[in-house]
Amino acid sequence: MVERRFPRNLGSLEPMVRFVADYVRHKGFDAEHSFTVDLLVEEIFTNMLRHAKGGGPDVSVGLEGDVPELVLTLRDYDVDSFDPTAAPPAGAPGGEGVGLRLVRRISDSIRYEYRERSAIITLTKRFPL
Amino acid sequence: MLEIDVQPGGVVRLRGRLDAAQADRAKDTLLTLNGPSTIDLTDLDYVSSAGLGVLVQTFKRLRDSGHSLVLTNLKPRIRSVFVYAGLDKVLRLE
């Protein structure tokens, strides 16, 4: 897995896009797949910024896997536990927002873990060959 | 990066990436629309939920003033984001 830390603010979106594009190209995924991975990264990252209480100065993004399956991990350090995957369905009180709805539609799996005050979201995406 | 080109007649062209980092700037520019409007997405390469939110806010504001908003020339991958979000049934996509 390759992993990189980014400052915990929206200015990190642009370097995250470059990080994803480099990995996708290096691993031989279709360049078009960067679009999907960028969307997953942004939606989870902005969800962390919006909802996680606490938070250190950085968030890490990890990428692993080869064609056709990519595994994406985002880790938010020194935060209280907040499990976005436990949100009620869209439309219910306190239900999931559009971003999480997109993540559920686009990814093949989503898993939340909370360890040592780190919130960790792991997504898998299998791209058609 | 996002380029926003406001043209006469209520036409706006968005070029690049409409993500959370660009959403506020897009929102401010789209607030200048005050009549029937068209947003041309021919050169939009990326949109996230933050960008969708800006477009929905613009749609609602114009609708409440009795005006229309049309989004045109969406690339298939951009259209798919609207569809996944269920917004193809809310917004006018051409």
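Biologist: Which residues of α2(A) meet which residues of α3(A)?

Modeller: In this predicted model, A:Thr36, A:Leu39, A:Leu40, A:Glu43, A:Ile44, A:Thr46 and A:Asn47 in α2(A) meet A:Gly99, A:Leu100, A:Leu102, A:Val103 and A:Ile106 in α3(A), where contact means C-beta atoms, placed from the backbone, within 7 Å, and helices are DSSP runs (H or I, at least four residues) numbered from the N terminus. Seven of these residues are nonpolar, four polar and one charged, with Ala, Val, Leu, Ile, Met, Phe, Trp, Tyr, Cys and Pro counted as nonpolar, Asp, Glu, Lys and Arg as charged, and the others, Gly among them, as polar.

Biologist: And the numbering and confidence limits?

Modeller: Residues are numbered from 1 along each chain as its sequence is written, and chains are lettered from A in the order in which they are written. Local features need pLDDT of at least 70, side-chain atom pairs count only at pLDDT 80 or more, and totals for chains, interfaces and linings use all residues.

Biologist: At what angle do α2(A) and α3(A) pack?

Modeller: Helix α2 (residues 33-51) and helix α3 (residues 98-106) of chain A pack at about 140°, with their axes 9 Å apart, the angle running from 0 to 180 degrees between N-to-C directions of lines fitted to C-alpha atoms over the stretch in contact. That makes α2(A) oblique to α3(A) (under 35 degrees is roughly parallel, over 145 roughly antiparallel, 65 to 115 roughly perpendicular, the rest oblique).

Biologist: Switching to the interface, how many residues of chain B touch chain A?

Modeller: 12 residues of chain B are in contact with 17 of chain A, and α2 (49-64) and α3 (76-84) of chain B each give two or more residues to the chain B side.

Notes: Two residues are in contact if their C-beta atoms, placed from the backbone, lie within 7 Å.
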